[in-house]
There are 4 protein chains.
Amino acid sequence: MTLPGPRAQDTGRRPRRHDPDRRVRILDAALDVLVEQGMAGMTHRQVAARADVPLGSVTYHFAGLAELRAQAFTRFVELQTAVFEALFDGVGTREEFVEALVDLVHASPARQRSAVLGFELHLAALRDPGLRVLAEAWTRSSQEVLARFVGAADAARLDALLEGMIMHALLATGPRSREAARAAVAKAVELSGEAGFPRTQGENHVR
Amino acid sequence: MTLPGPRAQDTGRRPRRHDPDRRVRILDAALDVLVEQGMAGMTHRQVAARADVPLGSVTYHFAGLAELRAQAFTRFVELQTAVFEALFDGVGTREEFVEALVDLVHASPARQRSAVLGFELHLAALRDPGLRVLAEAWTRSSQEVLARFVGAADAARLDALLEGMIMHALLATGPRSREAARAAVAKAVELSGEAGFPRTQGENHVR
Amino acid sequence: MTLPGPRAQDTGRRPRRHDPDRRVRILDAALDVLVEQGMAGMTHRQVAARADVPLGSVTYHFAGLAELRAQAFTRFVELQTAVFEALFDGVGTREEFVEALVDLVHASPARQRSAVLGFELHLAALRDPGLRVLAEAWTRSSQEVLARFVGAADAARLDALLEGMIMHALLATGPRSREAARAAVAKAVELSGEAGFPRTQGENHVR
Amino acid sequence: MTLPGPRAQDTGRRPRRHDPDRRVRILDAALDVLVEQGMAGMTHRQVAARADVPLGSVTYHFAGLAELRAQAFTRFVELQTAVFEALFDGVGTREEFVEALVDLVHASPARQRSAVLGFELHLAALRDPGLRVLAEAWTRSSQEVLARFVGAADAARLDALLEGMIMHALLATGPRSREAARAAVAKAVELSGEAGFPRTQGENHVR
DNA sequence: TATGAATGAGGGTTCATTCAT
DNA sequence: GATGAATGAACCCTCATTCAT
């Protein structure tokens with residue numbers, strides 16, 4: 001029965017001065033919390049604890065929770081866009097394209113996080129105009145990448161299919177076979193126009 | 001100075017109607033709130049206000065917010081399953097099938113609500129095992145309906161595509177052409193096996 | 001995810017008609033709850049559940065929580081007075097007297113209950129005039145019993161000692177030796193006047 | 001329709017004083033409320049009102065009602081231990097010892113408060129392990145003080161007697177004669193061993 | 001610049017009590 | 001007579017946000 005002083009929010013009291021990317025650390029922590037606790041669980045306190053940062057630091061760097069949310073999602077989209085780009089980097093043949101898409105869809109622990117964040121963003125965007133703009137830009141940029149390989153209309157269709165498959169993969173309890181995913185993706189790609197595959201099958205291409 | 005007991009109270013005389021289906025009214029109100037405010041906004045107070053019911057009524061009929069959520073989603077799935085069944089009632093040809101799917105996807109004010117609820121359920125299911133069971137059952141039942149017309153694997157693929165298209169439709173700001181949606185759906189159905197279409201194309205069917 | 005109807009307060013729905021001593025069952029249940037949960041935990045619902053009686057039955061038989069409390073304590077005092085009387089029934093010698101007192105003090109599972117209730121009553125009586133009257137009557141009656149064996153002043157002193165020993169026994173974690181209790185009681189009785197012991201030591205007496 | 005987040009708020013501009021010993025003020029207020037309203041009446045709101053502090057201040061400084069209770073009782077025991085020590089400071093003769101004990105027992109408005117708190121602590125300790133530890137430590141320390149004047153066993157007996165007399169004094173409606181209390185205490189002390197009285201009776205002692 | 005003490009609105013939930021059935 | 005549906009008041013607690021330091 002000690003008297004510990006106010007509440008257990010002392011994060012260790014180290015004198016962490018000069019922490020230039022504290023802002024980014026907070027954003028990443030916010031995304032972590034968002035993945036684990038959902039939108040409703042993303043509070044100043046949770047984020048601060050996750051970032052190992054004093055509570056005031058979060059309100060200091062971000063004008064409010066809405067802004068924190070917006071910037072966190074913005075960071076997510078930036079990172080995710082880069083990942084998406086990289087995924088198709090060096091893809092030349094239809095087979096490689098399909099394989100890249102299967103990578104995208106097939107649930108790996110790493111993909112789980114971005115899948116959850118993506119859907120959180122989509123849902124949040126329904127009620128926040130700023131986020132809606134962000135979500136649309138993200139979707140557009142994704143489809144533009146896909147459109148390098150298939151036509152624009154096919155890209156939209158493919159993107160929708162991927163979105164749905166990712167959601168299904170997210171919710172499925174049992175492990176899903178990669179082959180099933182590949183078959184589904186392949187069938188969808190099959191129908192797409194030929195445009196955009198610089199190399200014929202089997203041809204090697206150094207990016 | 002009497003023993004206070006936890007509380008002392010004087011109920012504010014108000015007509016206390018016996019209301020047999022109040023429970024269902026509360027569930028519908030909960031779904032309304034969920035659509036408009038999102039999961040975080042679905043509070044006892046909001047739901048009570050929406051159902052035009054005193055606060056205590058919500059906590060009386062449901063043991064907790066978790067149960068209210070669960071039962072609301074359960075009701076949603078029940079209703080939605082019926083709607084889904086009805087949509088394909090009388091569908092005989094591939095053309096009719098495609099048209100039904102386009103109805104499903106194309107954003108009408110009426111579909112908006114169920115689309116949002118569906119995605120809210122999917123997201124909530126990520127963190128609630130009970131809801132996950134419900135979501136899986138719903139997905140399974142939907143795919144079983146689709147599987148009457150195309151093969152099981154195609155049904156899963158089609159379902160994913162629809163899911164993605166619905167989400168895209170939900171987020172799109174501008175109005176989307178019904179033709180674009182039809183084209184995308186048609187292409188996906190094209191690839192499916194012939195199984196399940198009792199009538200040949202062009203054949204007339206009196207609904 | 002079943003729809004169990006309102007809340008889990010259905011006590012089994014047997015048609016318990018003609019239950020003449022339901023009132024007493026409720027009182028005993030109230031005392032049980034009081035022992036286990038404390039004053040703050042003695043709610044209508046807890047009592048009803050404990051008595052295996054519908055919620056409305058408690059409010060039907062008792063005008064309010066205050067009355068339920070009062071009547072429960074009244075019942076407790078009645079029962080306890082009888083027990084107290086019985087304890088000294090047949091006590092003739094100083095040794096028997098001491099032994100009876102030690103029985104009273106020494107913590108047995110059975111005594112635990114009445115000890116707790118007694119202290120709850122004392123504390124509640126501090127703020128409820130009605131209970132204060134009851135508590136005083138109880139104290140007076142106890143001391144009158146003791147005064148049959150020792151003088152009135154000694155009875156008051158003895159009663160206080162017993163009260164304190166009971167409280168200490170209640171709080172002690174380790175088991176207390178009966179001998180220690182006997183020694184303490186004996187010493188207190190030693191000082192008392194001779195009045196009231198009809199039999200000399202060793203003499204047999206059929207009540 | 002912006003994302004609502006859990007809440008949106010506008011603090012109602014009020015002077016926000018930095019108040020370093022607000023924590024202690026809250027604890028004292030909690031003890032005041034406890035004396036007047038009993039355990040069940042000791043709510044956040046009552047305490048806040050009593051301490052003239054906003055509601056949030058109580059929950060800010062104490063993690064929960066249980067902790068508030070625990071720390072309030074801890075403070076009570078600390079203060080009371082000091083008072084108890086001071087009471088016997090300078091006591092040298094058996095007469096002074098008795099007189100000190102009578103001071104302890106005889107109901108003065110000042111003692112009323114600590115007596116009530118003491119019994120509340122004892123009762124609360126029955127169901128709270130942390131408080132039980134505290135109560136036991138308190139009892140032990142009290143008896144150790146008494147044991148400076150009488151033997152250990154006698155100290156326990158004396159302590160029990162005092163406890164009982166305090167409770168009786170607390171409940172008695174009419175004023176009790178100090179002489180009666182002195183007589184009872186004197187008789188109990190009479191039986192105790194001689195150990196611990198540095199000065200013989202009648203000897204004068206300059207405090 | 002950075003922090004955390006402070007505030008009150010609002011969240012989930014429990015409950016005494018009333019009253020229609 | 002007996003019951004349980006219904007009602008809000010009040011409870012504990014969390015939290016976004018402000019602001020003194």
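User: Under which distance do the rings of Phe, Tyr and Trp count as a pair, and which residues of chain A do ring pairs link into a cluster?
Analyst: Rings of Phe, Tyr and Trp pair if their centres lie within 6.5 Å. In this predicted model, such ring pairs join several residues of chain A into a cluster. Its members are Phe84(A), Phe88(A), Phe97(A) and Phe149(A).

User: How many aromatic pairs are there over all chains?
Analyst: The distance between ring centres decides whether two rings pair, with a limit of 6.5 Å. Over all chains, the count by this rule comes to 20 aromatic pairs.

User: What kind of aromatic pair do Phe76(B) and Trp138(B) form, and how many residues apart are they?
Analyst: Their ring centres are 5.4 Å apart with 75° between the planes, and planes over 60 degrees apart count as edge-to-face. Both Phe76(B) and Trp138(B) are buried. Phe76(B) belongs to helix 4 (residues 65-87) of chain B and Trp138(B) to helix 7 (residues 129-146), so that the pair links distant parts of the chain. The pair is thus edge-to-face, and its residues are 62 residues apart.

User: Are Phe84(D) and Phe88(D) buried or exposed?
Analyst: These two residues form an edge-to-face pair, 5.0 Å centre to centre with 70° between the planes. Buried means under 20% relative accessible area. Both Phe84(D) and Phe88(D) are buried.

User: Which residues touch the most other members of the largest nonpolar core?
Analyst: The largest nonpolar core holds 129 residues. A second, separate core of 128 residues includes Ala125(A), Leu104(B), Ala181(B) and Ala188(B). In the largest core, the residues that touch the most other members are Leu68(C), Phe88(C), Phe97(C), Phe88(D) and Phe97(D).

User: Where does UniProt place the feature "DNA-binding region" in chain A?
Analyst: The feature comes from an unreviewed UniProt entry. In the model, the span is 75% helix and 0% strand, and its end C-alpha atoms lie 13 Å apart. UniProt places the feature at residues 43-62 of chain A.

Terms used
Residues numbered from 1 in each chain as written. Chains lettered and ligands numbered in written order. Predicted model: local features only at pLDDT ≥ 70, side-chain atom pairs only at ≥ 80, totals over all residues. Heavy atoms only, no water. Core = buried A, V, L, I, M, F, W, Y, C linked by side-chain atoms within 4.5 Å. Buried < 20%, exposed > 50% of the residue type's maximum accessible area, 1.4 Å probe, protein only. UniProt positions renumbered as here; feature names shortened; annotations may be inferred. Helix = DSSP H or I, 4+ residues; strand = E, 2+ residues; numbered from the N terminus. Phe/Tyr/Trp six-rings, centres within 6.5 Å; stacked < 30°, edge-to-face > 60°.
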